[in-house]
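This report looks at one contact residue, then at the interface between two chains, and finally at an annotated position. Please keep the sequence and the structure at hand while reading.

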Amino acid sequence: MSTKTFKVKVKRQDEAASASYWQTFDVDYTPNMNVISTLQKIAAKPVTADGKDVAPVVWDCGCLEEVCGACTMVINGRACQACSTLVDDLLEEASVIQIEPMSKFPVVRDLWVDRARMFNNLKRIKGWVPTDGTYDLGAGPQETQEEQDLRYAYSRCMTCGCCLEACPQFTKDNDFMGAQIFAQTDYFNSHATGKLLADDRLDVIMGEGGISDCGNSQNCVQVCPKELPLLNAIASVGRQATIYSIKRFFTGKK
Amino acid sequence: MSDHPRVIVVGGGLAGLAATVRIAEQGVPVDLFSMVPVKRSHSVCAQGGINACNEVARQQGYSEWQHMDETLYGGDFLNHQPPVYEMTHWAPKIIDLLDRMGVPFNRTAEGFRDLRLFGGSLFKRTHFSGASTGQQLLYALDEQTRRYEDKGLVENYEFWEFLWPVLDENGVCKGIIAQDQRTMEMKAFRADAVVMATGGCGVVYGKSTMSVICTGAAAARCYEAGVKLGNPEMIQVHPTAIPGEDKCRLMSESARGEGGRVWVPRKKGDDRKPTDIPEEERWYFLEERYPKYGNLVPRDIATREIFSVCEEGYGVGGGRMAYLDITHLPIETKDKLAAILEIYEKFTGDDPRFVPMKIFPAVHYSMGGLYTEYEAEERLPVPGDKLDKVWGMKDGDPKNMMTNVEGLYAFGEVNYQYHGATRLGANALLSCIFDGLFCGSSVANYVKACEDKAADKPEALYQKFLDQEKAKIDKLINMNGKFNPYEIHARLGDEMTASCTVVKNEERMLQCYEALKEMKAQYKDIKLSDTGDYTNANLVFSRALGDMIVYAEAILLASIERKESRGSHFRSDFPDRIDDPFHKTAVCSYDVENDKPILEWEDVPLHMVELRKRDYSK
């Protein structure tokens, strides 16, 4: 059997502080491959196309079902999950597959980036429902199926970072929070108990790096792999912020 | 932070997070260790739902008691009954709690939580949030954990790997050794109790429906350090998964619960497109053989049936695949399943709304795991209970779900309790959260009463274990052998899948045993392709490989010695369930001297429900 191979160009970086460089690998083709299985093949035998033994490529991944959000990278110029990106589709667009880490987060090594900023921002906006503890206190508030539909759409955000990678306002060294946080703010503010912290969240959203920095480029909604209603979230949170600021003005609250 | 008592939780899935929240809530600080940011734990992949009796089910004649009965019957009576009693009776409260935490459960017209059907039951009692229930539940607990993190009661060690439990001179667990996968820094951490909530061991089988971190290595390390294993041979193979190059992707049972039908062409080797095969030429073998349950038979049965019709040559185009068909369902139902249908479409390119899905069984869930105990308590019955006296677990007892090593607990999938010989669909999420909440109190009580504080232990104790782990790594990195760890792993997966999944027989398993011995020898002669001291994923994987082989031996030994068929463990050479002598727990301990598992059989106490034949065909 003749083996068909294809070329993969990987942007590498040995450590957080070191410079990046490119390496090209020849990978044996098998049907139905995705980018993860491509990387697995490289990891098992890390030899470059020109025959040099190198350290295996490092990347982050988990479930490989596009639910955990771990394996986001920039593949052929697009931020997406490596698990659900199929080699056949990529080879249709270009003869060499190009894989690089997301550019808006600090690189840990190779394709692995540190997305702690996203989780820290969740802490800033108090991204939780303030329950009275885990005791048996009966059911939560009733809601309609329509309300559930909207909250469900938001609840599928897997903190993958695609929206931030695509956002022109979000950079490595500013503190813009981005679409992910606006969607989560709307998510918690739309829950009957969650909204008890709405003012606290809006204080954050109206502060530095908040909603007023959004340039409304709408890139985020185009790249979100879970099709979250991000524009809706930005509009809704913006509206809540306006109402809250008027309220704040008239009540003299700082 | 050095305030004591404090607890270490290893694993940030449903069980680990529920435990963390419960323990922190009682004022005990928690150090939470996870290989990944906890929001990315594998529980996120659970799709179908979570079981609990509710008012609607109750008024159709369902009860917590029946939920318990279904769990015991489904588990082929290998489960201990008091913990199952407790879990099923807690289930409605757990759903309420999750609801309060903001989980977007699907709703009825009136705004109540909706229910769906699931395998192993004829009642609708499965609560769900679209077809990504695990994700929503995990996120809710993740949010509550973040809240405690914000309050300073939880310290998060993400990207840290558990290496070994620290046991003092009395054999009591007083902390762990862990390593940061980024800086490769190793450290000893003190704790007055340690909760292992590290999930299943699917990666032992190479390809499974589990995440790449579900190697079972943490459980294997505890086992090597002296914790017993319970029923390691009980590995559930999920009937419907999408076979893939890198892994098998789960296609939830909710597809069948919502009316999905499993079929193959009636004619062997028929390679027409499924949409070209007329109704009368389709063989709905589950509906034919199990008229009452139809497509909702429990997983082990569906798995075996799909496997065997394919073996007989009826698979799609003669291959090892069957159809899971939801094309006939109404749009609203397809919408409820959107999350899983999208996955199928993304990974195969076919839209399952119009074309039947091609599926095959894949390794999915470990019913066995670390052996644990509990304190049973006699109770007065509640409405629905069928006896005058019932047995549950004693609330808050420090013994609940503690392993045979004092101070070391096991919660969730890594805990062998609750599921018996087969896990009933939608019971896993329940058991994980139940363990975390119910037994979290037990842990808090244990550490509060503990007088021999970890904080007072000599530094030398921790240094000893730290040195031991450092030595292991030095040895591994400096090996310059012939074998590639990834190739050994591929063989381990192939061997275990071929001998120890849907159908087992002695001859093939003994062959696998020999292969394991060979792999063990090869493992002592490997070469790592990365010998660096920064984010060395190669080291992390290769170290886990050694532990996976040790764990595989225990799975295999118990599979060989259990000369009967029970639930997910099906022996073609012993096709019947044999209660005498096998209505017992297989308990494996690790013989350090000889590097091999020792198996003992332990009686399963019967408390409430008598043994009966498990038969879903009538």
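## A glutamine at the chain boundary

A:Gln145 has its place in helix α4 of chain A, in what is a predicted model. Leaving aside residues up to four places away in sequence, A:Gln145 touches B:Asn106 and B:Arg107. Towards B:Arg107, a polar atom of the A:Gln145 side chain lies 2.6 Å from the backbone nitrogen, while within chain A the side chains of A:Gln145 and A:Gln148 are joined by a polar contact of 2.8 Å.

## The interface of chains A and B

The size of an interface is often given as the accessible area lost when the parts come together. For chain A and chain B the buried area is about 5,900 Å², with carbon and sulfur atoms giving 50% of it. On the side of chain A, the residues that lose the most area to chain B are A:Glu65, A:Trp128 and A:Thr134, which together account for 12% of what that side buries. In terms of contacts, 73 residues of chain A meet 66 residues of chain B.

Seven salt bridges are counted between the two chains, and one salt bridge joins the side chains of A:Glu65 and B:Lys247, at 2.9 Å from N to O. There are also 40 residue pairs in polar contact between chain A and chain B, counting pairs with both residues at pLDDT 80 or more. The elements of chain A that give two or more residues to the side touching chain B are α1 (35-44), β6 (107-109), α3 (116-124), α4 (145-155) and α6 (179-189); the largest share, six residues, comes from α1(A). By residue class, that side of chain A divides into 36 nonpolar, 21 polar and 16 charged residues.

## The annotated position in chain B

For "active site", an unreviewed UniProt entry lists B:Arg299, which is found in helix α9 (residues 299-311) of chain B. Is B:Arg299 buried or exposed? B:Arg299 counts as buried because its relative accessible area is 4%, and the cut-off for buried is under 20%. Not counting residues up to four places away in sequence, the residues touched by B:Arg299 include B:Phe118, B:His238, B:Glu253, B:His364 and B:Arg423. B:Gln236 is also touched by B:Arg299, and the side chains of these two residues make a polar contact at 3.3 Å.

The distances given above are set side by side here.

| Pair | Kind | Distance |
|---|---|---|
| A:Gln145 and A:Gln148 | polar contact, side chains | 2.8 Å |
| A:Glu65 and B:Lys247 | salt bridge, side chains | 2.9 Å, N to O |
| B:Arg299 and B:Gln236 | polar contact, side chains | 3.3 Å |

How values were computed
Residues are numbered from 1 along each chain as its sequence is written. Chains are lettered from A and ligands numbered from 1 in the order in which they are written. This is a predicted model: local features need pLDDT of at least 70, side-chain atom pairs count only at pLDDT 80 or more; totals for chains, interfaces and linings use all residues. Side-chain values use heavy atoms; hydrogens and water are left out. UniProt positions are given in the numbering used here, feature names are shortened, and annotations may be inferred rather than shown by experiment. Helices (H or I, at least four residues) and strands (E, at least two) are DSSP runs, numbered from the N terminus. Buried means under 20% relative accessible area, exposed over 50%, partly exposed in between (1.4 Å probe, protein chains only). Contact means heavy atoms within 4.5 Å. A polar contact is a pair of N or O atoms within 3.5 Å; within protein, one must be able to donate a hydrogen and the other to accept it, and residues adjacent in sequence count only if both atoms are side-chain atoms. Buried area is the accessible area (1.4 Å probe) that two parts lose on being put together, summed over both. A salt bridge is a side-chain nitrogen of Lys or Arg within 4 Å of a carboxyl oxygen of Asp or Glu. Ala, Val, Leu, Ile, Met, Phe, Trp, Tyr, Cys and Pro count as nonpolar, Asp, Glu, Lys and Arg as charged, and the others, Gly among them, as polar.
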